[in-house]
Amino acid sequence: MSAVMSTSKISNAGAQISGKASRAAKVVRLQAPCARIPSIAMPAARSPLFIAAAAATAPAPSASLADQFKPNAVARVPPTQQKQTAIITGASSGLGLNAAKALAATGEWHVVMACRDFLKAEKAAKAIGMPAGSYSILHLDLSSLESVRQFVANFKATGRRLDALICNAAVYLPTAKVPRFTADGFELSVGTNHLGHFLLANLLLDDLKNAPNKQPRCIIVGSITGNTNTLAGNVPPKANLGDLSGLASGVTVANPMMDGQEFDGAKAYKDSKVACMMTVRQMHERFHESTGVTFASLYPGCIAETGLFREHYGVFKTLFPPFQKYVTKGYVSEEEAGRRLAQVISDPKLNKSGAYWSWSNSKGSFENQVSEEVADDAKAAKLWDLSAKLVGLSA
Ligand code: NDP
């Protein structure tokens, strides 16, 4: 299920088009640009069926309409003449949406909103005032490795340059008593937040390496809750990847937690964030020197009102924002958090690879310390190897 949608007056039709396009995709198959992807279904932008689908849902199809759905429409513009491009996963709400807005507002960036729900993303982008043409929406469901691979193929087919990848999307299931699973059978929090992004970042590494802007960045959003060197990180259940025996066995129904212990939805989220932060450090170790890409993580502050807490108890959702505002003073608005994430992408001063960024009211941005577990490079290397196997990057 994938389709490219650009921002224009026909953009509302995109969600309807996407369903038809995905059926059309079945008839057009081409060799994947990536060696690890044997064959990829494309959105069939050149197929008569795709254009017919567009014609059926848009009022008056024109040459320019058809043009917008051609995968090579952007490729005609040499990368150096394109705007810098940032992919943001989970840009349909909260931190991702506000970072997208902040980047787009500079006029220097084109944002690819990598989202699982076209219509929601398009409505959100319009509601927050992102200028038409400053963004496009590309389907990505991180809870399916096939969707991640297809997203990468579709992105490459657009011909856009890539200057920044922001792995931001996440699910948080704090009240879940039983685990849920991704299409590939991984526990949902680890599968979406860590494994989906792990594959995505690896598959887009070459594009970042070739970025014309000379300061390409790969950012994976971390969290204070996974960092046990903080007060918030010590609220039970604490993050702990243990011996990674659960991950080794695939975080499946038989063993859904990375540490192999009993399922706990809140801990699964925290563990996934630890894995995200360890992955950034591993990417820095493995690839920074050879690619020039900056790998970093951040804690943007407590954005207490985002959709992340949608599955929490009602009373928690009522009390958490004022508690963060007036007691811990860790509260940050979605808009401010979005500016912080955009800063990590674009500020030349925040170009240190391997860093974990935080903010304080007095100092602004500063490089923060990670927990002992996140800093455990031997464990991180093991996490890397196990993750690579699970997503099919190694045997
Ligand atoms: P939101 O729930 O507002 O945003 C999460 C985004 O992830 C949504 O756009 C959601 O899409 C998307 N998403 C979820 N599952 C998938 C999937 N399978 N495929 C693709 N996209 C998916 O929460 P936040 O903005 O708060 O969270 C953003 C990031 O910030 C997360 O990484 C979170 O861990 C981190 N963070 C948040 C903090 C906070 O206080 N809120 C604090 C520290 C870190 P959809 O709209 O379709 O649901």
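Are Y172 and F309 buried or exposed? The points below answer this and describe the surroundings of these residues.

1. Basis of the model. This is a predicted model in which local features need pLDDT of at least 70 and side-chain atom pairs count only at pLDDT 80 or more, while totals for chains, interfaces and linings use all residues. Residues are numbered from 1 along each chain as its sequence is written, and side-chain values use heavy atoms, with hydrogens and water left out.

2. Overall fold. The protein chain holds 13 helices and 11 strands; these are DSSP runs numbered from the N terminus, with helices (H or I) of at least four residues and strands (E) of at least two. Of its 395 residues, 55% count as buried. Here buried means under 20% relative accessible area, exposed means over 50%, and partly exposed lies in between, with a 1.4 Å probe and protein chains only.

3. The opening question. Y172 and F309 are both buried. Their ring centres lie 6.0 Å apart with the planes at 90 degrees, so the pair is edge-to-face. Y172 belongs to the loop between β7 and α7, and F309 to the loop between β9 (294-298) and α11 (314-328), 137 residues apart. Rings of Phe, Tyr and Trp (its six-membered ring) pair if their centres lie within 6.5 Å; planes under 30 degrees apart count as stacked, over 60 as edge-to-face and the rest as tilted.

4. The other aromatic rings. Seven aromatic pairs are found in the whole structure. One of them is formed by Y172 and Y269, a tilted pair with 4.6 Å centre to centre and 50 degrees between the planes. Y172 lies in the loop between β7 (164-167) and α7 (188-203) and Y269 in helix α10 (residues 265-291), so this pair ties together parts 97 residues apart in sequence. Both Y172 and Y269 are buried. One aromatic cluster contains Y172, Y269, F309, F316 and F320.

5. The ligand. The ligand is surrounded by 31 residues, and the closest are S92, K120, N168, Y269 and T306; a residue is near a molecule if one of its heavy atoms lies within 4 Å of it. A backbone N or O atom of G90 is 3.2 Å from an oxygen atom of the ligand, and for N168 the corresponding distance is 2.6 Å. A polar backbone atom of L95 lies 2.8 Å from a ligand oxygen atom. Taken alone the ligand exposes 890 Å², of which the protein buries 97%. The elements that give two or more residues to the shell around the ligand are α4 (94-105) and α10.

6. Charges over rings. The charged end of K325 sits over the ring of Y331, 4.7 Å from its centre. K363 lies over the face of F366, at 4.3 Å from the ring centre. The criterion is NZ of Lys or CZ of Arg within 6 Å of the ring centre and within 35 degrees of the ring normal.

7. Backbone geometry. Most residues other than glycine have a negative phi, and most peptide bonds are trans. A cis peptide bond, with omega about -5 degrees, joins P236 and P237. V251, which is not a glycine, has a positive phi of about 35 degrees; V251 lies in the loop between α9 and α10 and counts as buried at 0% relative accessibility. K329 also has a positive phi, near 60 degrees, and is placed in the loop between α11 and α12 (334-346). At 59% relative accessibility, K329 counts as exposed.

Note on methods:
Polar contact = N/O pair within 3.5 Å; in protein donor to acceptor, adjacent residues only side chain to side chain. Areas by Shrake-Rupley, 256 points an atom, 1.4 Å probe, with all protein chains shown as cover.
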